[in-house]
Amino acid sequence: MQYRELNGSDRELVDAAFEAIRRNHWPDHHHVRAAVRAGSGKVYVGVHLESPGVDVCAEWSAVGSAAAAGERELTCIAASSRTALMSPCGICRELLHYFSPQMDVIVPTDEGPRKVKITDLLPIPYADPSPHNGQ
Ligand SMILES: [Zn+2]
């Protein structure tokens with residue numbers, strides 16, 4: 001896996017995720033925020049939604065906000081709790097890889113936040129074996 005240093009744009013994305021959860025934390029309903037940069041350069045924020053039966057990751061709502069605004073490409077994403085940067089769960093890795101297989105993900109490391117390709121986090125994504133996918 002190749003870790004890369006963050007640039008100014010990446011640090012803005014991390015700050016957007018942290019700022020969003022600091023400003024709008026709703027105890028017992030969400031604990032994670034995500035900020036995704038789209039191909040247009042705009043940043044969309046998402047929130048983890050918790051309920052008794054279903055949880056939705058912050059990455060999903062950030063990607064949904066970007067898609068609802070007409071974005072078709074994602075370039076980078078960061079997610080955080082109130083205190084720490086977070087790496088996406090396995091289901092989010094599948095979602096991010098499916099929408100933008102070239103995108104970067106900002107993850108925590110022992111040396112601080114670093115950027116990796118989603119293909120490094122998920123080298124072999126799920127492949128739909130059903131007949132409608134052209135195989
Ligand atoms: Zn997730």
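The following exercises, each with a worked solution, concern the fold of a predicted model.

In this predicted model, local features need pLDDT of at least 70 and side-chain atom pairs count only at pLDDT 80 or more, while totals for chains, interfaces and linings use all residues. Residues are numbered from 1 along each chain as its sequence is written.

**Exercise 1. Describe the order of elements and the overall dimensions of the protein.**

Begin with the elements, where helices (H or I, at least four residues) and strands (E, at least two) are DSSP runs numbered from the N terminus. The protein has four helices and eight strands, and from the N terminus on they run α-β-β-β-β-α-β-β-α-β-β-α. Next, take the dimensions: along the principal axes, the C-alpha atoms fill a box of roughly 45 × 40 × 30 Å. Finally, compare the radius of gyration, taken over C-alpha atoms, with the globule rule of 2.2 Å times the number of residues to the power 0.38; for 135 residues a compact globule would have a value near 14 Å, and the 15 Å of the protein agrees.

**Exercise 2. Determine how strand S1 (33-38) is enclosed and which strands pair with S1.**

Start with burial, where a residue is buried if 20 or more other C-beta atoms, placed from the backbone, lie within 10 Å of its own, exposed if 12 or fewer, and partly exposed in between. Six of the six residues of S1 are buried, so S1 is largely enclosed by the rest of the structure. In a regular strand the side chains alternate between the two faces of the sheet. Accordingly, Arg33, Ala35 and Arg37 lie on one side of S1 and Ala34, Val36 and Ala38 on the other.

Then turn to pairing, which requires that DSSP finds at least two bridges between two strands. S1 pairs with S2 in the antiparallel sense over five bridges, with Ala34 opposite Gly46, and these two strands form a hairpin with four residues between them, in whose turn Gly41 has a positive phi of about 100°. S1 also pairs with S5 in the antiparallel sense, over six bridges, and here Ala38 stands opposite Leu74.

**Exercise 3. Identify the buried residues of helices H2 and H3 and what covers them.**

In H2, the buried residues are Ala58, Glu59, Trp60, Ser61, Ala62, Val63 and Ala66. Their cover includes S1, S2, S3, S4, S5 and H3, where contact means that C-beta atoms, placed from the backbone, lie within 7 Å. Just after H2, Gly70 takes a positive phi of about 95°.

In H3 (residues 90-99), Cys92, Leu95, Leu96 and His97 are buried, and what covers them includes H2, S5, strand S7 (104-107) and helix H4 (118-121).

Terms used:
Two residues are in contact if their C-beta atoms, placed from the backbone, lie within 7 Å.
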